[in-house]
Amino acid sequence: MNEMYNMGLSIHSIGTIILLGVLLFNIVIIQQSSSYEQYKRLHSIFLLPLNATILGVALFTGVIMMAAKHLDFTLANLAMIFVSLVLLYLEKKRTHALAMYKTVGVKILAIEILLISLIASWMWLS
C-alpha cells in the first residue's frame, strides 16, 4: 500500500512539473504569435485541450491522493485545493480574455506559474 501511495505522489509531482512546462509553453506561443486569429485558432485546437488535460491530471491525482489519506485535511492539502480553484478560475478568465491575448494572457500565465511554483516548492521542501 505504501508503494502505491509513493507512486501516486510521484505521478502527482510529475503532473505538476508538466503543468509548469505547458504554462511556459503557452507564454512562448503568446509571445511568438503575430495575429490574434492565428493564436485563437491554435488556442482552441491545441492549447486549450492540452491545458485542460494536464491541469486535470494534476487535480485528479491530487483527489486520488486525498482519498488515499482518508480525506485528511491538513494545511498543505487545503492550500493545494485553494490553488487548484484559483488555477481553474484563471484559466477560465484567460480563455474569455482572448481579445487581449498578449497583455492579459501573459499576466495570467505568470500568476499561474508563480502559484504552482510556490505550492510545489512548499510541498517538495517540507
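The legends below describe a predicted model through an overall view and several close-up views.

**Figure 1. The chain as a whole is made of four helices and zero strands.** This is a predicted model, in which local features need pLDDT of at least 70 and side-chain atom pairs count only at pLDDT 80 or more, while totals for chains, interfaces and linings use all residues. Residues are numbered from 1 along each chain as its sequence is written, and side-chain values use heavy atoms, with hydrogens and water left out. From the N terminus on, the elements follow the order α-α-α-α, where helices (H or I, at least four residues) and strands (E, at least two) are DSSP runs numbered from the N terminus. Taken along the principal axes, the box filled by the C-alpha atoms is roughly 50 × 25 × 20 Å. Of the 126 residues, 37% count as buried, a term that stands for under 20% relative accessible area, with exposed meaning over 50% and partly exposed in between (1.4 Å probe, protein chains only). Among contacts (heavy atoms within 4.5 Å) with a separation of 6 or more, 76% join residues 24 or more positions apart.

**Figure 2. The largest nonpolar core holds 19 residues, of which Leu19, Leu23 and Ile116 touch the most other members.** Such a core is a set of buried Ala, Val, Leu, Ile, Met, Phe, Trp, Tyr and Cys residues joined through side-chain atoms within 4.5 Å. Two or more of the core residues come from each of helix H1 (2-32), helix H2 (36-68), helix H3 (75-96) and helix H4 (101-125), and H1 gives the most, with seven residues. With neighbours within four places in sequence left aside, Ile116 is in contact with Thr16, Leu19, Leu20, Leu23 and Leu87.

**Figure 3. One cavity of 30 Å³ or more is present in the structure.** Rolling a probe the size of a water molecule over the atoms shows where empty space is left. On a 1 Å grid over the protein atoms alone, a cavity is a set of points where a 1.4 Å probe fits but cannot get out, whereas a pocket is an open set with protein on both sides within 12 Å along at least five of seven lines, and lining residues have an atom within 4 Å of a point. Grid points are joined across faces, edges and corners, and a volume is the space filled by probe spheres set on the points. The largest cavity contains about 40 Å³ of space, and its lining consists of Leu19, Leu23, Asn51, Leu55, Leu87, Glu91, Glu112 and Ile116. Each of H1, H2, H3 and H4 supplies at least two residues of this lining. By class, the lining comprises five nonpolar, one polar and two charged residues, where Ala, Val, Leu, Ile, Met, Phe, Trp, Tyr, Cys and Pro count as nonpolar, Asp, Glu, Lys and Arg as charged, and the others, Gly among them, as polar.

**Figure 4. Asn26, in helix H1, is buried, with a relative accessible area of 0%.** Its side chain makes a polar contact of 2.8 Å with the side chain of Asn51; a polar contact is a pair of N or O atoms within 3.5 Å, where within protein one must be able to donate a hydrogen and the other to accept it, and residues adjacent in sequence count only if both atoms are side-chain atoms. Beyond neighbours within four places in sequence, Asn26 is in contact with Leu47, Asn51, Arg94 and Leu109. The C-alpha atoms of Asn26 and Leu47 are 7.4 Å apart, although 21 residues separate the two along the chain.

Figure 5. H3 gives the most to the lining, with nine residues, and the lining as a whole has 21 nonpolar, seven polar and one charged residues. His12 lies in helix H1 and is buried at 16% relative accessible area; leaving aside neighbours within four places in sequence, His12 is in contact with Ala58, Thr61, Gly62 and Met80.

**Figure 6. Thr61 belongs to helix H2, and Ser117 belongs to helix H4.** Thr61 is buried, with a relative accessible area of 13%, whereas Ser117 counts as partly exposed at 31% relative accessibility. A polar atom of the Thr61 side chain lies 3.1 Å from the backbone oxygen of Ala58, and a polar atom of the Ser117 side chain lies 2.8 Å from the backbone oxygen of Ile113.
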